Amino acid sequence: MVELKSEAEIAVMREAGRIVARTLAAVAAAARAGVRLSDLDALADEMLTSAGAKSSFRDYHPSWAPTPYPGVLCLSVNDAVVHGIPDRRVLRDGDLLSIDFGAELDGFHGDAAITVGIGEIDGSARRLTETTERALAAGIAAARPGARIGDISHAIETVAREAGYGQPDGLGGHGVGHAMHEEPFVPNTGRPHQGFELRPGLVIAIEPMFVEGGDRRCRTAPDGWTVVTADGSRAAHAEHTIAVTADGPVVLTAP
Ligand code: MF3
Ligand code: CO
């Protein structure tokens, strides 16, 4: 069932979203060559605590995962698409890092992700990142009352196709509220005018994931969590939690 949120609930979700945005910005600023992924996770954990919020990710245990999630961030480097575990890996110049973070405040979640380059990244990585961000913006722009989930999906898919990027199967956005993952599912491919109709009070995370080269096949790494591309090509990920309002989409995970 899809739960619509009241204006008061959306105001609380905006506060959760602000914590997410602030933390992502701090982690991005700290992500430099020589830094360990586990150090970034510790930084995000401190920020959660000082904001009086809880992690949406830590101890999350979906049926498909072998273990509860161990971190507060998902840090996915280069060929990792999503759900990378913050281990002791050291970042290097030229790495492409996806930072995904969720916070729960007063019972409501916020969920967002950005992809950043470490030091100098090549033009191909820059184009991949910028195109993924542009697809997120296109998806958000399509989230108007009266439109349907398929309009968001189609907007994202169109950007991927025009750029020649692959999109992993089965991964996409989702409703957000008292749970981090709620209905409806928000696929990154689809047809216009299809699917659940968007109404004021609907809160969803929109999250394109694009893969360099056209191959979209992925596999799960031995850790049981990290989704990596089958052919080793790099991936970028961008995500915002947004509310559909009578005036159009409002980004809840903006600074
Ligand atoms: N933020 C991811 C998403 O957008 C979920 C992270 S999985 C977790 O769906 F286990 F780390 F929580
Ligand atoms: Co999400």
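This is a predicted model: local features need pLDDT of at least 70, side-chain atom pairs count only at pLDDT 80 or more; totals for chains, interfaces and linings use all residues.

**Stop one: the metal.** Select the cobalt ion (ligand 2) and show the side chains around it. Which residues coordinate the cobalt ion (ligand 2)? You'll find D111 (OD), H174 (NE2), E207 (OE) and E239 (OE), at 2.0 to 2.2 Å. Along the chain, these donors are spaced as D-x62-H-x32-E-x31-E. Now pick out the two glutamates: E207 sits in the loop between β8 (203–206) and β9 (209–211), while E239 sits in the loop between β12 (235–237) and β13 (240–245), so the pair ties together parts that are 32 residues apart in sequence. Are E207 and E239 buried or exposed? Both are buried.

**Stop two: a helix residue.** Next, click on S38, which is part of helix α2 (residues 37–50). With 24% relative accessibility, S38 counts as partly exposed. Beyond its neighbours within four places in sequence, S38 is in contact with P86, D87 and R88. Try the distance tool on R88: its C-alpha is 5.5 Å from that of S38, though the two are 50 residues apart in sequence.

**Stop three: the cores.** Select A143, I152, L198, I204, I206, F210 and I242. These have the most contacts inside the largest nonpolar core, which has 28 residues. Colour α3 (123–141), α4 (149–163), β8 and β13 too, as these elements each give two or more residues to this core. The largest share, seven residues, comes from α4. Finally, select V27, V77, L97 and L105: they are among the 25 residues of a second, separate core.

Conventions:
Residues are numbered from 1 along each chain as its sequence is written. Chains are lettered from A and ligands numbered from 1 in the order in which they are written. Side-chain values use heavy atoms; hydrogens and water are left out. Donors are N, O and S atoms within 2.8 Å of the metal (3.2 Å for Na, K and Ca); water is not among the atoms, so sites may look incomplete. Helices (H or I, at least four residues) and strands (E, at least two) are DSSP runs, numbered from the N terminus. Buried means under 20% relative accessible area, exposed over 50%, partly exposed in between (1.4 Å probe, protein chains only). Contact means heavy atoms within 4.5 Å. A nonpolar core is a set of buried Ala, Val, Leu, Ile, Met, Phe, Trp, Tyr and Cys residues joined through side-chain atoms within 4.5 Å.
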